[in-house]
Amino acid sequence: MLRWFLVRCALMVPAIVGITFLTFLLLDLAPVDRARLEMLQARENGAPFQEHERAVALLRLQVRYGLVDAQTLQPLPVWTRYERWASNALLLRLAGPDEDEAQFWRRLFDAVPVTLLLGLISLLAAFVIGIPLGVWLGLHAGERSERAVSRLLFVLAGFPEVLIATLLLIGFGGVWLRWFPASGLHSDGIDEASPVSQALDLGWHLALPVTAMALPILLMIVRFLRESVSRAAVAPFADNLRAWGLEDRLLRARLLRAGLVPLATMCGSLLPLVVAGSVVVETVFSIEGIGRLAWRAVTSEDQAMVMTLVLLTSVATLCSLVLSDFLQRLIDPRVRLTR
Amino acid sequence: MSDKEIPVKITPPRKSRTTGMLLLLLLLLVAFGPLLASEVPLVARVDGQLCMPAVQELFGSAPPGPGDLDWQSWAKSLPISSHDFAWSTPWPHGPFATDPKRLRAGPSLLYPLGQDDTGRDVLARILRGARPSLLLCAVGVLLAAVLGVVLGGFAGLRRGLADLLVMRLLELFLCFPMVLVLMALAALFGNSSIGVVVVFGLSMWPSFARIVRGELLTLRERDFVHAARGLGLSETRILLAHLLPQLRGPISTTAAFCMAQAVVAESTLSFLGLGPGAQSGSWGSILMQGKQSAHLGVWHLWLFPALAILSSVMLCHALAERHRTR
């Protein structure tokens, strides 16, 4: 099993290199590079440049952003630049030329815990509600109540996350009903209150964002579980157990275990969903997490931060894939851990 | 539960007329939006010469109007005896004209969906927003389908090393942080839609490739393929003429699901103010506007774009369902 684990971890390296290189390549496709963009802005601000001065300033910017080699003044090919970025990234020097490392890491570490909290609570809520609901639907497949609930879920699955978040904000965050706060994670002046009321305040602020983020995950879990449990319920092994006269409660536990296998496979793909959700939810509810950070980085052409976030999320996704494989092997005795 | 069988019902696929109608409507809107809602007339005769300004708008921008007037005031100023005329489009308002007297006006009989916060007509904006919301997604899904079918077909037919390579590539793309890259490219490319289309294509081809490869692995051992091979047909011809038609169902199901994803992604992007849709007024950008003015009690500005996005996503889901059951 240790060997399997090591092999999987070793396989992550080429995947990370591939993903980051592809991202680098795609970002390089853009028609305007950063240096030129900055020059355009300078011209808009009315800098009285001569043609020659402008060319020199552009070259200086291009050297600064690593687009042009400092000695030969030739443009660097994309793989050389990627190599530089990757060797810097290996030493965890991820900040761009415009800010120092400490400031860069502070920005990152301010955002990560917020999204982590939001994502973990959403995942927890989705699993706690989704698993019983999915199993119930799977066991009652074909009945009238199941069909009604499934139809409702089908309609809900059509709701994009943007829409869910916006509707929740409009519905419960101040326009229609003023039940929950519309933005932020803390009330003003809560710092002086007792820890209990601080926690309550945080929960009150988290209610809407967590609902918006958990709903798509919940729907996915329910859909998978309903399929797999209803398939397990008519499988020969279930008939066999019934013929033995196994108690309902025990039979349900067996069916749940059989039904959990596809769910374990799916777990790996939940993380991109959380990241995508955090961008939307944090924008709608004005929470300063990773999604907001990504939006800022993207709109301010902060390529260093974009690359860092891509690296971070792809590492996390790959880890969660390994984890989901591991879970699958744990649940399903047909898959062995030794390979 | 234990003592009764789960009834397995085989219901014949329901042929819903609403999905067909909605699909037709959306296709019409995407293809001929300016002919349906525009302030310039469909057909006009100016000084005895026929012209079709709305058709010109379909391919670019409409001429500003005869003389110094715009089209509407020109049409009003025509004397009754004049031989000149202007036939307006079915909905005679465009998405750009502002009416400062009707800021955030609610729906009324004259303007069924009301006005937005700069006085633009919401119905016209929704009708004309179909193209920026959907066209890009369709092109992206098409690109993904072509990439996926070619690579999946290659992997499924050749097997061996090609299969291994394609599958590795596929796994790589499954971990690809699509959202971040999509946002970054949309911001970098600004008004141009190439970036978004490329990311759509790159992020969705794995679903097509997986389906095509999986189906081909079983299909290639079927008798009719062996027969075709025995007749000496080339691999390409077998793939194109004999195998791909068999894959029509799975491919169109995947395409419909991917289209739903793409529509959601596009409206999210424009909601965040990124990408080409944000400038050209796709549904997501109207939704953002509606969210911003919701606290003023303006409900028509978020409800109608939400309905438009929802109905197109649901349409894609329904189409996928229909192809799956077929």
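The second largest pocket of this predicted model has 37 lining residues, with A:Phe24, A:Tyr65, A:Gly66, A:Leu67 and A:Gln303 lying nearest its centre. A pocket here is an open set of points on a 1 Å grid over the protein atoms alone, where a 1.4 Å probe fits, with protein on both sides within 12 Å along at least five of seven lines; lining residues have an atom within 4 Å of a point. The space inside comes to about 930 Å³, a volume being what probe spheres set on the points fill, with points joined across faces, edges and corners.

Here's the lining by class:

| Class | Members counted | Lining residues |
|---|---|---|
| nonpolar | Ala, Val, Leu, Ile, Met, Phe, Trp, Tyr, Cys, Pro | 22 residues |
| polar | the others, Gly among them | five residues |

Domain 1 (2–101) and domain 2 (105–331) of chain A both contribute to the lining, so the pocket sits between them; the bounds come from an automatic or database domain assignment.

Over in chain B, three strands make an open antiparallel sheet, ordered S2-S1-S3. Strands are DSSP runs (E, at least two residues), numbered from the N terminus, and two of them pair if DSSP finds at least two bridges between them. Strands S2 (49–51) and S3 (85–87) of chain B are the edges, each pairing on one side only. S1 (residues 43–46) of chain B is joined to S2(B) by three bridges, and B:Val46 has B:Gln49 as its bridge partner in S2(B).

Residues are numbered from 1 along each chain as its sequence is written, while chains are lettered from A and ligands numbered from 1 in the order written. Local features need pLDDT of at least 70, side-chain atom pairs count only at pLDDT 80 or more, and totals for chains, interfaces and linings use all residues, with side-chain values using heavy atoms and leaving out hydrogens and water.

Notes:
Helices (H or I, at least four residues) and strands (E, at least two) are DSSP runs, numbered from the N terminus.
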